[in-house]
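I opened my notebook to look through this structure one piece at a time. Here is what I wrote down, in the order I looked things up.

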Amino acid sequence: MADPRGASPGILRSRAWQIAMIGLGTATTQLDTAVNIAFPAITRGFDLAIGDIQWVVICYVLAYASLLLVLGRIGDTIGHAVVYRTGLVCSAVAFLLVGYAPSYGAMLVFRCMQGIGAALVLSCGAALVTSLYGEERRSRALGIYTMMMALGLMLGPLLGGVLVASWDWPAVFWFRIPIAIAALLLLRGLPASQPQASRDPLDIPAGIALALGLVTMLMAFNRMREWSAVWLALLSALAFAGFIFRQSRAARPIVDFAVFRLPGFAILNLVSVLANLAAFSVWLLVPYYLTRVNGYSLGESGAILACGAAGAALAAPIGGRLIGARISAERLALAGAAAIGAGLILLSAWTEQTPTALRVAGLLVQGVGLGLFQLAYTDIVTAALPLGDRGVAGSLALLTRTLGTVAAASIVLMVFEILHVQHGFFDAFHQTFQLAALLAFASAGLLALSSRNKGGRVQR
């Protein structure tokens, strides 16, 4: 009998269809880049000072980053599909409420709710995709997943301008409601989580300490130029100390610290933070550069900016096929970090006379490097943790990426502002990207130094 939605049950349960629906659901989080285009309209709508708009980002990022690891562990325990579907429901409701928010304060509360929904989705997305392929094709599955996430980042800026121009700022939230609902309704027959040897309940105090530590650490990054950052950093250290103390005595910890004793694993996670810090400078500074170059419309500027994400979308599935067949994940991560640096060097050479093709080329090189690095890094982390910790593995990969981007928002902008005062906009732009490229190359160097040590998998 045909399915009432117009597709046969066989199609709805096919692997390709399920992967497409997981990608569609995950896109609801990545399309949040459309919100950046709506900042001026939101500022006007609530009569805000320009500086206040940062809380639209902060509330969302703090909510999802602080919960990723905890929700990844919950997904490993009760089932990734359950957590993922709950996230789609939470996200759809949050999109509706944010668009109808009667005040700016209410909007921020609903953005926190949206962040919770994003954490539910992102903590289990990679685990669901890899479960559809099997361990022998894990790299290919992660390549497809990384590509789908990059496509969402790419489409966000392209859609944002059109939506705001046509229906004002609520449209950048509302247009994702049907996407979330479609993914929820059409996701059928997902495999259940692998049964675990232990179903120990989540250590709630440890989870609270972890969330508090991450929130205060991210806030310390955000307040880096203020004295409050010192107190936030101290509170973060105390919270992490409490988390480590609880976890060292837990039968089934949220994160098994034994994995960080694997050769090169701690360095790899540090490199992920640094590489993403360098790469995120593109999203911070290139939009301002393009507004100062005559001849580009808002749509053209958005299309140029999206080329970086397009490079990542192109590179990720290719990298997924290369890992294991022709190249190790460690070498691909090194190549990706080096390509990020090469792309940033090309960006640092931009002038007002640089042809558009060369601008696009620099963004593509940087994007290809980022796509390759993120794929290889996620594959290494996933391979290092036990199969029963697949949700935690995917969450850890996303957490280090988020730490890098949040640090970039503080460090890169601080460096740029200092250089801007001393040398003017264009010299500051060039020098900031040169420093970001140096950081990416240093990350590649760290990987090269640690590549002689072979990793392994934590046994539990």
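**Entry 1: a helix pair**

I began with α2 and α7, and I noted that their crossing is left-handed. I am working from a predicted model here. α2 covers residues 15-30 and α7 covers residues 104-133; their axes come within 10 Å and cross at roughly 160°. Angles over 145 degrees count as roughly antiparallel, so α2 and α7 are roughly antiparallel to each other.

Next I listed who touches whom. On the α2 side I found Arg15, Gln18, Ile19, Ile22, Gly25, Thr26, Thr29 and Gln30. On the α7 side the partners are Ala118, Val121, Leu122, Gly125, Leu128, Val129, Leu132 and Tyr133. Sorted by class, this contact holds nine nonpolar, six polar and one charged residues.

**Entry 2: another helix pair**

I then turned to α13 (residues 265-279) and α18 (residues 356-384), which pack at about 155° with their axes 11 Å apart. That angle makes α13 roughly antiparallel to α18. I checked the hand as well: α13 passes α18 in a left-handed crossing.

For the contact, α13 brings Phe265, Leu268, Asn269, Val271, Ser272, Ala275, Asn276 and Ala279. These meet Gln366, Leu370, Phe373, Gln374, Tyr377, Ile380, Val381 and Ala384 of α18. I sorted the residues of this contact into eleven nonpolar, five polar and no charged.

**Entry 3: the whole chain**

How many helices and strands does the protein chain have? I got 20 helices and zero strands. The radius of gyration is 21 Å, close to the 23 Å that the globule rule gives for 460 residues, so the chain is as compact as a globular protein of that length. Along the principal axes, the C-alpha atoms fill a box of roughly 60 × 55 × 45 Å.

I also looked at burial, and buried residues make up 55% of the 460 residues. Then I looked at contacts with a separation of 6 or more: residues 24 or more positions apart account for 82% of them.

Last, I stopped at Asp168, which sits in the loop between α8 (138-167) and α9 (171-174). Is Asp168 buried, partly exposed or exposed? Its relative accessibility is 40%, so I put Asp168 down as partly exposed.

Methods. Residues are numbered from 1 along each chain as its sequence is written. This is a predicted model: local features need pLDDT of at least 70, side-chain atom pairs count only at pLDDT 80 or more; totals for chains, interfaces and linings use all residues. Side-chain values use heavy atoms; hydrogens and water are left out. Axes are lines fitted to C-alpha atoms, for helices over the stretch in contact, and angles run from 0 to 180 degrees between N-to-C directions. Helices (H or I, at least four residues) and strands (E, at least two) are DSSP runs, numbered from the N terminus. Angles under 35 degrees count as roughly parallel, over 145 as roughly antiparallel, 65 to 115 as roughly perpendicular and the rest as oblique. A crossing is left-handed if the near helix is turned anticlockwise from the far one by less than a right angle, and right-handed if clockwise. Contact means heavy atoms within 4.5 Å. Ala, Val, Leu, Ile, Met, Phe, Trp, Tyr, Cys and Pro count as nonpolar, Asp, Glu, Lys and Arg as charged, and the others, Gly among them, as polar. The radius of gyration is taken over C-alpha atoms; the globule rule is 2.2 Å times the number of residues to the power 0.38. Buried means under 20% relative accessible area, exposed over 50%, partly exposed in between (1.4 Å probe, protein chains only).
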